[in-house]
Amino acid sequence: MHWLFAPGLLASAPVRQALLLGFLIALTAAVVGVFVVVRGQSFAGHALTDVATTGGAGAALYGLTPLVGFLTGAVAGAGAMELIGRERAQRRDVATGVVLGGATGLSGLFLYLSATTTSSTGVTQRVLFGSLFSVSSAMVPAALLIGALVLVVMAIVARPLLLSSVSPDIATARGLSPLTLGLAFLLVAATTVGLCALAIGSILSTALLIGPAAAALKVTRSLRSAIIVASVLGVAATWAGIVLSYDSYTWRSSHQGLPVSFFVVVLILLTYGLCAWRRARSTRV
Amino acid sequence: MTDTPVLAVSNVTVSFDGRRVLDDVSFAIAPGEFTGLIGSNGVGKTTLLRVILGLQKTSAGTITINGQPRAKAHSAIGYVPQRVSVDPDAPLRARDFVALGLDGHRLGLRRRSEESRAKIERVLAAVGAGSFADTRLGELSGGELQRILIAAALISDPSLLLLDEPLANLDPRSVQEIVALLHRIAQDFQVAILLSAHEMNALLPVMDRIVYLTAGRCASGTTDEVVQSDVLSALYGHHVDVLRLHGRVLVVAEPSDDVDHLPSHATLNLDA
Amino acid sequence: MFSGFMIHAWEVGTIVAIVAGVVGFFVVLRDSAFPAHAIPNGAFAGAAGASLIGVSTLIGLGVFAAAGALAIAALGRRTRNDVATALVLVGILAVGAAFLSQSTSYEPEVFSLLFGQILGVGTNQLLPVAVVGLGSCLIVIALARPLLLSSLTPDIARARGLRTDGLNVVFLLIVAAVTTIAVPVVGTLLMFTLMIGPPAAARGFTKRPVVALSLSALIAVVVLWAAIASAYAMNWPVGFFVGIFSALAYGLSRLWQWRR
């Protein structure tokens with residue numbers, strides 16, 4: 001088994017921490033992601049990650065913890081999307097694009113200043129593409145707590161949220177408020193994006209959010225099984241990514257490994273492709 | 001029909017997933033004829049129009065336009081779709097869109113000639129668009145947009161103007177206005193008109209020909225020839241009554257228990 | 001700031017801006033914000049891979065941008081809600097990140113690819129940029145009317161005999177071409193801002209198509225000139241200023257519309 005589990009894998013503290021964090025983040029992402037896909041909000045998810053980038057870059061520049069930066073950015077992004085969301089469809093896309101452009105430009109500035117004025121190196125890589133192994137242990141309890149909180153909230157609102165996503169009129173008739181639920185969910189999604197950014201970087205976090213969920217929805221129709229399948233796929237991809245990344249340091253003599261995020265994203269892509277292919281085959285008569 | 005028909009539909013059949021949406025449909029339209037394609041929703045009107053426009057392939061049958069095969073006759077038909085969604089911010093005025101009807105398929109950005117600009121003015125006047133010709137396309141009301149679409153289709157000198165459900169969702173007064181407008185255009189511009197609708201009464205005063213479509217089969221001829229109890233009963237495959245009252249026509253179809261016993265050839269072309 | 005290597009920056013910048021403005025006019029019209037975002041991301045991976053194997057970044061950009069354009073055309077007109085295209089996008093970025101992690105000069109490379117830098121413009125790149133840029137412009141202007149018609153009312157366009165699918169492929173390849181020449185200056189992440197902001201602003205100021213097209217190019221040029229000058233003065237990335245000034249131009253246009 002040595003080719004898969006390189007020596008010292010489970011003995012290494014950063015790896016164990018990464019496995020723990022990865023587990024919870026992937027789980028949270030899977031649960032929230034299923035709703036994101038069901039509500040057809042994949043693009044919103046992508047937009048949130050761009051603004052999360054700005055937050056993360058700003059935090060790196062001013063020496064704040066990355067998690068705070070990502071979360072602030074994502075939540076601010078959620079606020080901006082709400083405001084823009086009042087517009088007509090085509091104008092909304094343009095406005096979103098322009099706002100994202102501004103936010104991304106700001107990220108560029110923050111990252112540049114980090115690189116040139118502070119002594120920390122590799123900030124760009126860390127913020128954009130993640131480095132799960134170097135998350136400081138002080139942050140782990142906070143991340144775990146936030147993840148757990150998101151899961152609890154989702155358990156409470158799952159049914160009303162599903163109803164208002166699928167049929168807002170019926171939901172309103174039953175006394176729910178689709179608008180409030182929608183806004184609350186956007187905040188939940190933003191928080192989840194912030195967590196994902198911690199694990200695999202802000203630019204790539206969309207993959208963890210919607211990938212396993214979309215794959216699960218291709219092979220199952222009920223909400224409960226979709227959540228279970230998505231969680232299994234997401235956690236499996238994350239753990240496999242961690243293991244492979246650790247292994248990859250031993251592949252080349254230069255000891256330059258490949259990032260966790262690369263493996264995670266590729267695995268998620270492959271899983272989705274497999275599920276989509278299976279679905280296409282089974283629906284062809 | 002002595003002249004070459006503007007449109008000749010011959011034995012057109014279209015099948016989706018083994019289901020025949022159009023079944024051996026044939027009819028012809030003479031130059032300048034005002035034709036109504038009448039049928040309720042789902043009988044195949046839109047499919048038939050798309051076949052005529054070359055947007056839908058047939059399993060069998062041919063379409064000729066002015067005697068030429070469909071594939072070669074792109075500019076002979078002016079198409080007015082039922083619905084068009086336009087970005088409200090798109091930077092062009094109503095008259096710019098009409099101009100595209102003239103040269104939207106040509107390369108280059110050459111300035112339009114005097115003659116072209118005169119044509120644009122002429123069709124804008126013909127549809128009564130003088131007051132909103134310079135408004136942004138996306139800011140037009142539904143009725144205004146419809147008139148602009150008609151103008152854009154008209155400007156390329158088509159032999160046939162084809163409109164998909166232009167009267168749907170209109171109040172009775174607007175229906176009358178559009179029908180009168182189309183009748184005027186048919187005469188002033190010497191163009192044949194084919195429009196689809198699910199109700200024939202508003203068109204009775206102006207229709208030269210009716211193509212009555214049900215479950216993929218059709219009967220074609222003048223209203224007096226086609227809208228008769230025996231003709232429509234044969235078409236539907238079960239008993240149908242036709243009532244005429246105060247110049248209006250009402251087709252009453254009894255629900256039938258066995259819908260399987262339908263005649264196989266129910267295309268009746270009463271001009272042959 | 002008008003001597004030495006900066007002259008090339010101004011020359012290339014002007015060409016890039018004009019082309020981005022002209023092509024961007026149609027990107028916004030066709031609601032193609034997604035391909036405008038996706039193709040530069042694909043180009044990122046290509047550039048990263050090229051630098052890894054020692055090939056010119058311009059070639060890496062060009063090849064991957066064109067491949068991305070063709071892939072998007074083949075996938076059909078998916079809406080941006082489609083998960084598949086989002087995942088492929090992110091996947092390509094991850095591959096690019098992997099390429100970059102293998103080279104020793106990681107951080108500066110990532111940075112200039114994503115956010116652009118003035119110094120990314122070398123002498124020997126002026127000719128290819130001019131040829132590709134002006135060529136793209138000419139093609140787009142020649143196809144202007146069919147593009148306009150097929151963007152607004154695809155059914156009518158097809159009924160008139162226009163090949164809307166072929167037009168789409170050509171258009172996406174043009175976007176790929178613009179990406180190739182613009183990325184070294186503006187960066188992959190900000191490129192689409194230059195293609196969306198100025199045209200979106202232009203359409204707020206006028207309702208006449210030819211005027212809007214010209215204004216779109218003009219605003220793009222002003223934005224990029226201001227960005228280059230500011231980047232030179234502050235020594236900050238060009239992409240940052242492009243993002244900010246594009247947003248500013250768009251904001252002014254919205255303000256203008258609101259006040260009328």
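## Two helices that cross in chain C

In chain C, helices α1(C) and α9(C) make a left-handed crossing, a label used when the near helix is turned anticlockwise from the far one by less than a right angle, with right-handed used for clockwise. Helices here are DSSP runs of H or I with at least four residues, strands are runs of E with at least two, and both are numbered from the N terminus. So where do these two sit? Helix α1 covers residues 5–29 of chain C and helix α9 covers residues 164–186 of chain C, and their axes come within 10 Å and cross at roughly 145°. Axes are lines fitted to C-alpha atoms, for helices over the stretch in contact, and angles run from 0 to 180 degrees between N-to-C directions.

On the α1(C) side, the touching residues are C:Val12, C:Gly13, C:Val16, C:Val19, C:Ala20, C:Val23, C:Phe26 and C:Val27, while α9(C) brings C:Phe171, C:Ile174, C:Val175, C:Val178, C:Ile181, C:Ala182 and C:Val185. Being in contact means that the C-beta atoms of two residues, placed from the backbone, lie within 7 Å. Sorted by class, this contact has 14 nonpolar, one polar and no charged residues. Ala, Val, Leu, Ile, Met, Phe, Trp, Tyr, Cys and Pro count as nonpolar, Asp, Glu, Lys and Arg as charged, and the others, Gly among them, as polar.

## A quick note on the model

This is a predicted model, where local features need pLDDT of at least 70, side-chain atom pairs count only at pLDDT 80 or more, and totals for chains, interfaces and linings use all residues. Residues are numbered from 1 along each chain as its sequence is written, and chains are lettered from A and ligands numbered from 1 in the order in which they are written.

## Another helix pair in chain C

Now look at helix α10 (residues 188–205) and helix α12 (residues 238–259) of chain C, which pack at an angle of about 20° with their axes 8 Å apart. That angle makes α10(C) roughly parallel to α12(C); the cut-offs are under 35 degrees for roughly parallel, over 145 for roughly antiparallel, 65 to 115 for roughly perpendicular, and oblique for the rest. The crossing of α10(C) and α12(C) is left-handed.

Who meets whom? Residues of α10(C), including C:Leu189, C:Leu190, C:Gly197 and C:Phe205, meet residues of α12(C), including C:Val242, C:Tyr250, C:Arg254 and C:Trp256. By class, the contact of α10(C) with α12(C) counts 13 nonpolar, eight polar and one charged residues.

## Chain C as a whole

Zooming out, chain C has 12 helices and zero strands. Its radius of gyration is 18 Å, close to the 18 Å that the globule rule gives for 260 residues, so chain C is as compact as a globular protein of that length. The radius is taken over C-alpha atoms, and the rule is 2.2 Å times the number of residues to the power 0.38.

The C-alpha atoms of chain C fill a box of roughly 55 × 40 × 30 Å along the principal axes. Of its 260 residues, 62% are buried, where buried means 20 or more other C-beta atoms within 10 Å of a residue's own, exposed means 12 or fewer, partly exposed is in between, and C-beta atoms are placed from the backbone. Among contacts in chain C with a separation of 6 or more, 76% join residues 24 or more positions apart.

## Chain A and its side facing chain C

Chain A has 11 helices and zero strands. Its C-alpha trace spans about 65 × 50 × 35 Å along the principal axes, and 54% of its 285 residues count as buried.

How many residues does each chain bring to the contact? Chain A gives 42 residues and chain C gives 39. The largest share of chain A's side, 15 residues, comes from α4(A). That side has 23 nonpolar, 18 polar and one charged residues.

## Chain B, with its strands

Chain B comes to seven helices and 13 strands. A compact globule of 272 residues would have a radius of gyration near 19 Å, and chain B agrees with 19 Å. The C-alpha trace of chain B spans about 60 × 40 × 40 Å along its principal axes, and 43% of its residues are buried.

Is B:Ser85 buried or exposed? B:Ser85 is exposed, because it has 10 other C-beta atoms within 10 Å.
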